[in-house]
Structure formats: C-alpha cells, structure tokens
Number of protein chains: 2
Amino acid sequence: MTELSPPEADAKASPGKADGRAVKTNATIYDIAKLAGVNPSTVSRALSKPGRVSVKTRTLIEDAAAELDYQANPFAKALPTGKTSTVGLIVADIANPTFFGTIRGAESTAADQDYSVILAESAESPKKELSAAKRMMASVDGLILASPRMDDDHIRQLAGEKPVIVVNRNVEGITCVVPDVDKGLGEAVRHLAGHGHRKITFVAGPEASWMSSRRWLAVQQACEWSRIEPLKVQSQTPTIKGGRAIARTIVSSGASAVIAYNDLLAIGLMQELQAAAYVVPDQISIVGFDDIFGADFTTPGLTTVRAPMETCGVEAAGLLLKALKGHGDVPSTRYIDTELVIRGSTGKLLA
Amino acid sequence: MTELSPPEADAKASPGKADGRAVKTNATIYDIAKLAGVNPSTVSRALSKPGRVSVKTRTLIEDAAAELDYQANPFAKALPTGKTSTVGLIVADIANPTFFGTIRGAESTAADQDYSVILAESAESPKKELSAAKRMMASVDGLILASPRMDDDHIRQLAGEKPVIVVNRNVEGITCVVPDVDKGLGEAVRHLAGHGHRKITFVAGPEASWMSSRRWLAVQQACEWSRIEPLKVQSQTPTIKGGRAIARTIVSSGASAVIAYNDLLAIGLMQELQAAAYVVPDQISIVGFDDIFGADFTTPGLTTVRAPMETCGVEAAGLLLKALKGHGDVPSTRYIDTELVIRGSTGKLLA
DNA sequence: ATACTTTTGGCAACCGCTTGCCGATAGGCT
DNA sequence: AGCCTATCGGCAAGCGGTTGCCAAAAGTAT
C-alpha cells in the first residue's frame with residue numbers, strides 16, 4: 001500500500017535478455033497487446049480512435065494499459081503523424097514583465113487542450129529570434145510570436161510552413177492579436193482633459209517600434225478630439241532609467257500631463273520628478289501604459305492604460321489551436337480592449 | 001503576396017511523386033544521400049559522428065545538406081536514441097515574479113547548449129504538478145522543479161526515472177539549488193540592529209511552506225547572535241493583500257522593525273502603514289525578501305534580501321545538463337548567496 | 001608483391017506508433 | 001437458411017533517424 005516503488009515496469013520488454021536488473025523500460029503498445037492478447041495495431045486504435053474497435057476489446061486494452069501504467073511515447077507518436085502536440089512561444093525578453101501575462105495565458109490555454117509549450121527568448125535580437133524560430137519549427141505544430149523583432153517577410157515565411165500567430169504587432173496576412181490602444185489611450189486623454197489639462201506630452205519608446213508609433217498616433221487622435229495640444233519627446237530607452245533621463249525635458253516641455261509609452265518610463269519619470277520635489281499629481285500628472293506587475297507599488301499608484309496581455313496570450317493560443325485543428329479562419333487581426341486604470345498619479349493641476 | 005492559404009500540409013511526403021507544386025517537405029537524410037551519392041547511414045554518421053567518415057565524403061555530405069537546407073527531424077532523432085534535447089521546467093505559478101528569473105536563467109543556459117525548455121505551471125496544486133511532471137517525463141531528458149509543491153517521495157520517484165533538479169527547496173537525495181537565506185537575512189538583522197532596533201517581528205508565509213520556516217529559523221538565529229528579540233506573526237496569504245491585512249497585528253506587536261517572508265507582504269504592509277499615516281522608516285522599518293521586480297518602485301524603495309533566482313535558474317539548468325551528459329555528481333544541495341539590498345524602507349527609529 | 005591491420009561506407013534491423021488494406025466475423029435481411 | 005453488408009482485428013509498410021556488423025578499400029609492414 002504505502003509501497004511507493006518507482007513504477008518499475010520491470011518489463012521484460014526485451015523478450016530475450018532476462019538479464020537481471022529491473023531497468024525501468026516504459027511499456028509500449030506491444031506490451032499491452034501481449035497482455036491483452038491482441039494485435040498492437042488494435043491497441044493503437046483502441047487508444048486513439050475511440051469508435052474504431054468494439055467496446056469489449058477496448059476496455060480489455062484500457063485495463064491492460066492501466067495495469068502497465070502505459071504512457072505513449074510522444075516521439076514515436078509524432079514521427080508518423082507529424083503532429084507534436086506542442087506549440088512554440090517566442091518572446092522578445094523573458095524578464096520583461098509585459099510578457100509574463102502572455103506566457104501565462106498561452107501556457108494555460110495550451111495546457112487545457114493537452115498541448116505543451118516550448119519557450120524561447122530572442123533577447124530582442126532579430127537574428128536570434130529568427131534562428132530560434134527556425135529551430136523550433138521542426139518540433140512544434142505552430143508558433144506564437146510575442147512582439148517579434150524580425151521583419152514581416154520572415155514572419156510570413158514562417159507562416160508558410162506552419163500556423164503562426166503574432167501578438168502585439170500587426171503583420172499583413174498573418175493572424176495577429178494586439179491590444180486596441182485607441183480605447184484605453186482615448187480614455188486616458190479624456191480623463192486628463194476632464195481634469196483640466198490642455199497640453200499633454202507623449203514620451204515615445206524606441207523609434208523603430210511599431211507599437212510606439214501606433215500609440216503616439218492614438219494619443220494624437222484622442223487629443224485632437226478633445227482639443228488638446230499633443231507634444232512628443234523621444235526617450236532613448238523604454239526603461240526606468242530612460243524615464244529618469246527624460247524628466248528634465250518633460251518639465252521644460254511645459255505640459256501639465258504626460259502619457260508614457262510604457263509603465264517603466266512612467267515610473268522612472270515619476271521617481272525623478274519626486275526626487276526633484278515635484279509632487280505628483282498636483283504639479284504634473286503621469287499616465288503609464290501596460291499596467292505591468294508592480295504598477296501599483298508606487299506612491300501614488302500609477303494611473304495607466306492596462307493592456308491585458310494574459311488575455312492576448314489566451315487568445316493567441318486559442319487561435320493557434322483552432323488553426324491546428326483545421327478550424328482556422330482567414331488571417332486577420334483580433335483587437336483586445338485596453339482600459340484606463342485610474343490610480344493616484346493623475347489629477348487636477350494645483351497651480 | 002496577400003495569398004494567405006493556411007499552411008496546407010498537403011504533403012506528398014513520398015519523395016517520388018514529383019507532381020508539380022513545390023511543397024515545402026523537409027529534406028531527410030535520404031534526400032541528402034541521393035544528392036551526395038552515398039548511403040543514408042553515411043549521412044547520419046557524417047552529421048553526428050564527426051570522425052567516423054572521411055573528411056572528403058563528409059564535406060560532400062555537408063554541402064548537400066546545406067543545399068537542401070536540411071534540418072534533422074528531432075522526433076526521428078529522439079526515437080532510437082531516447083535523447084530529446086529538451087528539458088522540462090515546472091513552476092508553481094508563472095505569474096509570480098519570483099519565478100521570472102528562474103525561467104529566464106534556465107531557458108538561457110539551456111538554449112546555450114542547444115536544449116529547448118518546455119514550460120508548465122502547476123498553479124500551486126500538488127496534484128496538477130505531479131501530473132504535469134509525469135506527462136513531461138515522456139518528452140524530456142530531465143526536469144527542473146521550481147518550488148515544487150508535491151511531496152519529497154514523489155520527487156524522488158521522478159528522479160528515479162530521469163535527472164531532476166529542485167530549485168528553492170531541499171529534498172534529501174536530490175540535487176537542489178536553493179538560496180542561502182542565512183547570509184542575507186543575517187545581514188538584514190545586523191543592518192537593523194545597527195540602526196538600533198531591538199525587537200524585530202517576522203511575518204511568516206504559508207505555514208506549510210518549507211521556505212517560510214527556513215527563513216524564520218534564519219531570522220531567529222541572526223537575532224540571537226545580535227541579542228535581539230525575534231517575534232513572529234503568521235500571515236494568511238503571502239500577497240500584498242495579506243500584507244495589508246497583517247499591518248494592525250504588526251503594530252500591536254510593538255516591534256520597531258519587520259522582516260517579511262517576501263516582498264509582496266512587505267509592500268502590502270508598507271502601503272497599509274503609510275495609509276494609516278505611519279512613516280517608513282522613521283516609525284517602522286521594513287525589510288522584504290526576494291527583491292522581486294518592482295521592489296524599487298515603492299517610495300521609499302524597499303530594503304530587501306535579494307534571492308538571485310536567475311542565478312538559481314542558470315545553476316539548475318547547468319547541473320541538469322551536466323547530469324545529462326553523464327558528468328553528474330552525487331546529489332547535494334548547492335547554495336546561492338543572498339544579499340541585503342538596502343533601499344529606503346529601513347533606518348533609525350525616530351521616536 | 002604478399003599478408004595484415006585500419007578506415008570507411010553499406011546493409012538492414014530497429015525505436016514505438018499510425019494507418020491503408022484485407023479478410024474474418026457477426027449481424028441484418030429476405 | 002442463405003446472402004449481403006457493416007464492423008472489427010490483423011498484417012505490414014512506413015515515419016526519419018541510429019547503429020551493430022560486415023566487406024571493400026586503403027594503408028602498412030615485411
């Protein structure tokens with residue numbers, strides 16, 4: 001009972017050499033076949049093609065399988081079928097909190113459908129990313145690219161081999177899932193406008209980033225609608241450090257409110273401003289983007305546009321699995337709503 | 001261009017039928033063999049057993065392989081050899097920032113040696129964890145368990161099948177890598193003592209947690225050495241919320257400084273205290289544990305004991321790969337130094 | 001040149017599972 | 001009972017590599 005000997009199949013798998021040591025050889029369908037007194041192919045069918053064999057032999061086989069603690073060898077399974085029950089997920093930077101949600105969402109929905117996810121990081125390098133993708137291609141059924149850095153053509157090329165879903169970027173001809181920045185950013189601008197701000201500066205992220213220009217565009221449009229003057233300053237790096245470095249420029253821009261490309265920038269900015277005795281939000285309001293883990297650790301808490309990355313991950317994995325099961329739709333972009341999360345870093349200007 | 005047909009496997013796998021459309025069927029060693037005019041087995045050897053064939057035929061084969069853009073089918077490779085070039089990583093909770101570092105460290109060092117990592121989450125459930133582990137066992141060469149929740153015997157049982165490394169917990173008979181809490185916690189206590197604190201309360205984490213009791217022990221020992229009185233209060237959950245909930249109890253404990261089981265607890269506590277107009281660190285000092293992402297977002301920044309989880313991940317993957325290559329040592333526990341990171345949440349008591 | 005040892009490449013048998021094809025069996029029908 | 005048609009199980013050929021064994025080729029020594 002309490003005996004917990006490792007499952008010791010002890011299988012005299014090798015029909016000949018009964019040479020002593022009980023080596024843990026996993027049971028195969030042949031072992032089951034022998035035990036159940038049927039042909040291996042019947043075992044295979046009983047286990048994977050439900051209706052193909054009579055229920056009598058099926059239960060017979062299932063019992064035998066259970067007794068042997070049978071686990072199908074996934075490699076043997078993948079070889080003839082080409083289906084691996086595995087999806088690849090490549091993220092630009094594992095340590096970037098933005099991706100935590102994506103990873104989790106993708107992993108959980110994949111696991112729900114008995115798919116495994118194999119993870120790789122590109123370290124923000126287009127080259128490493130592409131090679132990781134190519135390497136993976138051979139062992140997965142499909143790929144999720146989160147904020148890919150490689151260019152569109154390469155992505156399309158990969159998609160020509162196996163289903164590919166892109167998260168956080170729009171690629172023509174590929175199924176994408178991206179946060180709809182307009183909604184959240186619109187809310188942010190109106191929120192700021194409602195507090196009397198008339199001049200907002202946007203702290204841009206990497207110049208080459210598709211997402212950054214997309215967000216700047218959204219800010220501009222929202223500002224136009226609210227009759228607000230949008231300004232833009234360019235940050236060197238989208239990090240806390242970058243945020244601190246840009247503080248001086250922000251102040252001299254004369255805006256009373258800033259919307260940052262991301263939370264890190266916003267937090268760095270806030271820290272630097274506070275260090276210079278500015279009070280947030282009385283003297284300047286700050287809005288971040290992403291609502292990363294920790295955005296509520298600051299004092300005051302950071303008002304930010306939440307990009308539901310976990311939802312994106314779930315969605316991406318869902319679309320991918322759907323495509324793998326043949327119910328794939330025509331590639332298109334699915335937009336996930338973003339929303340403003342109001343905390344303490346925004347408010348009325350107290351002149 | 002805009003042609004977006006789903007990847008149409010459509011594979012006319014059979015190399016014979018050259019019936020038109022250039023379907024991207026991956027090249028096999030047979031194709032190479034034909035192109036190079038040698039036997040497939042020679043190709044296999046040329047590609048994986050360096051010295052086994054003459055350099056002449058080898059370059060011949062390599063050229064052919066390059067021309068065909070050959071990528072070995074990992075499944076076909078895994079079948080006869082049993083080696084999958086994949087390691088499994090199971091974490092208790094993907095969204096818990098503590099694990100980000102571990103994941104990253106493990107992934108990067110595995111990738112460096114051309115191993116892939118397949119990731120799974122146990123959602124803190126011992127049952128899900130065990131089943132995930134068992135499922136993985138079939139497709140990986142070895143396993144890394146980060147903060148496993150299953151019991152020791154199950155872990156040992158898994159380790160009986162394939163190499164297993166445990167992170168963040170000590171299991172007899174298994175190779176483990178755990179942060180050496182004594183060092184950092186000792187520094188924390190001495191740091192506090194140096195600021196005149198004479199009574200420290202430790203906010204404990206989950207009662208069942210091995211790590212929590214380990215840390216409490218370390219605090220007690222350090223306190224004894226510094227002639228300080230250690231107190232302990234139990235938190236319900238090791239989260240921000242849990243931290244906020246425990247604030248009242250902490251205050252009434254009469255201690256002037258607290259060391260929390262983890263950063264989340266510390267941050268929640270700090271937030272609640274500040275909301276009640278306590279000033280940190282003038283009225284009470286707070287030390288966290290982990291140095292999670294965002295621990296420096298607070299105001300004041302959180303003084304905390306840094307547990308270098310990325311290093312643990314690197315170390316764990318390194319040990320695992322070593323074991324896989326047969327250079328494994330006798331199981332033992334490797335300790336990774338923790339260190340105190342001093343920010344603003346600790347200081348002299350200003351009565 | 002002869003005999004002998006090393007290389008080197010080929011043959012074929014797996015690894016464990018899937019699947020097309022076929023014959024046997026059983027059930028349904030007149 | 002006799003015939004027809006589903007249903008079910010078995011056979012065997014792969015999937016794409018690896019590898020033990022062997023013979024041909026090449027190198028070495030006498």
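**Conventions.** I note that this is a predicted model, in which local features need pLDDT of at least 70 and side-chain atom pairs count only at pLDDT 80 or more, while totals for chains, interfaces and linings use all residues. Residues are numbered from 1 along each chain as its sequence is written, and chains are lettered from A and ligands numbered from 1 in the order in which they are written.

**Chain A.** I looked up the secondary structure and found twelve helices and twelve strands in chain A, where helices (H or I, at least four residues) and strands (E, at least two) are DSSP runs numbered from the N terminus. The radius of gyration of chain A, taken over C-alpha atoms, is 27 Å, well over the 20 Å that the globule rule (2.2 Å times the number of residues to the power 0.38) gives for 351 residues, so chain A is more spread out than a compact globule. Its C-alpha trace spans about 90 × 50 × 35 Å along the principal axes. I also noted that 50% of the 351 residues of chain A count as buried, meaning that 20 or more other C-beta atoms, placed from the backbone, lie within 10 Å of a residue's own.

**The sheet.** I traced an open sheet of twelve strands with mixed pairing, in the order β11(A)-β5(A)-β4(A)-β3(A)-β1(A)-β2(A)-β2(B)-β1(B)-β3(B)-β4(B)-β5(B)-β11(B); two strands pair if DSSP finds at least two bridges between them. At the edges stand β11 (333-337) of chain A and β11 (333-337) of chain B, each with a single partner strand, so one side of each is left without a neighbour in the sheet.

**DNA strand D.** I found 27 residues around DNA strand D, the closest being N39(A), V53(A), S41(B), S44(B) and A76(B); a residue is near a strand if its C-beta atom, placed from the backbone, lies within 6 Å of it. The largest share of this surface, six residues, comes from α2(B).

**DNA strand C.** Around DNA strand C I found 24 residues, of which T28(A), S41(A), N39(B), V53(B) and T57(B) come nearest. At least two residues of this surface are supplied by each of α2 and α4 of chain A and α2, α3 (55-68) and α4 of chain B.

Definitions and conventions: Buried ≥ 20, exposed ≤ 12 C-beta atoms within 10 Å, placed from the backbone.
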